[in-house]
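Colleague: I've got this model open and I'd like to learn how to read it. Can you walk me through it?

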Amino acid sequence: MSSPLLDVQNLQTEFYTSAGVIRAVRGISFSVDRGETVGLVGESGSGKSVTSLSLMRLIPSPPGKISGGKIILDGQDVLALPEREMRKLRGETVSMIFQDPFSSLNPTMTLGEQVMEAIRAHKSVSKAEAKNQTIELFKAVRIPSPEIRMKQYPHQISGGQRQRVMIAMAFSSNPSMLIADEPTTALDVTVQAQIMSLMQDFQKRNNAAILLITHDLGVVAEICDKVLVMYAGQIVEQSTVEQIFNSPKHPYTIGLLESLPQMSAHRARLISIPGQPPDLGKLTGGCPFASRCTKVMDVCLTNEPGATEVAPGQFVRCHLYGP
Ligand code: SF4
C-alpha cells in the first residue's frame, strides 16, 4: 500500500496569551490520500482553521506555536523544513483557498498581476508566458472575458468572481493538495455549487487531495470520502462519509446531524445543540462535551475519553464506546 499524501500524527498547537495557554489543537492524527476528499467539520472555535494553518506552518508566532506532533506531506517532514523549503512546498505541493477572497487579494494590484505573480513565484516563465497561463487559468475557473478581468481590481468584481480568482491562483502551480477553508461560506448557493465543482474537476485532472474545512454537512455529504469531526481541539469522530451519515456514533456528531434542516420533516424550529463549546484555556480533566451531552455519565466528568475503533475505519472519542 502506498503511503498517504498527508500524514498527521498527534499534532498539537497552542497559543500563549495573557489569559493563559489556549490548547487549540490537542493531539490530532489523520491522513489524506491522493485523489481523496476529506471533510473537517465542527463548530466555530473547534480547531479546524488552526489545524489548516498548522499544516501550512502559518500559525502566527508569537503567540502561537506548534508544540508537538508530526506532519508528513508528500514525504517531507513539514515541521523540520527550513522556511525557504517551506515556501516552496506552499504553492508547489499544497495550496490554500481561504474563506474571504477579498482580504486575501491585494486591493492595489490588478487580478492579472496577482495571478501572474503567483505563477512566477513557482515557475521560471517569462511575463508573456505567465500572462498566457493566467488567461488559461481564468478560462478554467470560468471567469468570463479573461483579458478584460485581468486588468480589473478586486473591488470591481463580485464575491463569486473573487473566489474564482483565488482558486485560479491556488491551481496555478498544479499542487498535489488543496486545503480549502470554508471556501464557499460567503457565496450564494448556486455559486457555491459551481466553486465546489471547479475544485472537483481540478482534483480529477490532477489526482489531487482536498482537505475541506466546513461547517456545512450538506457539502460534506456531496463531495467527501472521509469525515473528521472536530470538537474542543480534538477529532472526536473519524469515519467514511457513509458511516457518518448512516451510523454516527459520537453524541456531538449526532447533534450536528440532527441540527441539519430536513426537507421531509415539518419542524416548527431547527434543533440545535444546547450550550457552548468549552473555553480551551480552561479545560478540566473530563470529556469536553460533557456539559452539552444528553448521554453524560459520571466517568465523563473526570476522565477524558481516548479514541476507540467502533467499526473498520470509524474512530470515536466517547466513553459510551470505550473499554
Ligand atoms: Fe457524552 Fe460522555 Fe461520550 Fe462525552 S464521553 S460524549 S459526555 S457520553
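Predicted model: local features only at pLDDT ≥ 70, side-chain atom pairs only at ≥ 80, totals over all residues.

Modeller: Residues are numbered from 1 along each chain as its sequence is written, and side-chain values use heavy atoms, with hydrogens and water left out.

Colleague: How many helices and strands are in the chain?

Modeller: Helices (H or I, at least four residues) and strands (E, at least two) are DSSP runs, numbered from the N terminus. Here you get 12 helices and 12 strands. The radius of gyration, taken over C-alpha atoms, goes against a globule rule of 2.2 Å times the number of residues to the power 0.38. The chain comes out at 21 Å, close to the 20 Å that the rule gives for 323 residues, so it is as compact as a globular protein of that length.

Colleague: And which residues have the most contacts inside the largest nonpolar core?

Modeller: A nonpolar core is a set of buried Ala, Val, Leu, Ile, Met, Phe, Trp, Tyr and Cys residues joined through side-chain atoms within 4.5 Å. Buried means under 20% relative accessible area, exposed over 50%, partly exposed in between (1.4 Å probe, protein chains only). The largest core has 55 residues, and Phe138, Val165, Leu178, Met199, Leu212, Val229 and Tyr252 have the most contacts inside it. Apart from that one lies another core of 32 residues, Val50 and Leu228 among them. As for Tyr252, contact means heavy atoms within 4.5 Å; leaving out residues up to four places away in sequence, its partners include Gly42, Val229 and Phe289.

Colleague: Which phi does Arg57 have, positive or negative?

Modeller: Positive, about 55°, although Arg57 is not a glycine. Arg57 is in the loop between α1 and β4, and counts as partly exposed because its relative accessibility is 21%. Arg142 also has a positive phi, of about 60°; look for Arg142 in the loop between α5 (127-140) and α6 (146-150). At 43% relative accessibility, Arg142 counts as partly exposed.
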